[in-house]
Amino acid sequence: MPLQPNAPRLLTTRDLASRLQISTRTLETLLKTNDAPAPVLVGRQRRWTEEDFVLWVEKMRPHSAARAPKDLAGAKHELGATTLEGGAQMI
């Protein structure tokens, strides 16, 4: 049965570990401590949607708006760098 054209891309444990640049063993540890994105079960196999992975990475970024320190609330974000008042950049 062919995949639907708009079906989400599913990542394997190896795919996810590779994207995070960690070993599969480290990923297993993160999963046990709930420090990794929750998988979708396909039968007995764990998979992650591309969208869930991207959202989890964005949430974990230290300079994302949701996790930014209060003193950086007025900072301007440009291409992964944060421009602070006075022109200094935080990467």
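## Strand pairing

Val40 has Arg47 of S3 as its bridge partner. S2 (residues 40–42) and S3 (residues 45–49) pair in the antiparallel sense over three bridges; pairing requires that DSSP find at least two bridges between two strands. Strands (E, at least two residues) and helices (H or I, at least four) are DSSP runs, numbered from the N terminus.

The open sheet has three strands in the order S1-S3-S2, with antiparallel pairing. S1 (10–11) and S2 each have a single partner strand and stand at the edges, so one side of each lacks a neighbour in the sheet.

## Basis of the model

The model is predicted: local features need pLDDT of at least 70 and side-chain atom pairs pLDDT 80 or more, whereas totals for chains, interfaces and linings use all residues. Residues are numbered from 1 along each chain as its sequence is written, and side-chain values use heavy atoms, without hydrogens and water.

Thr13, in H1 (residues 13–20), is buried, with a relative accessible area of 16%. Buried means under 20%, exposed over 50% and partly exposed in between (1.4 Å probe, protein chains only). Beyond its neighbours within four places in sequence, Thr13 is in contact (heavy atoms within 4.5 Å) with residues including Leu27 and Trp48.
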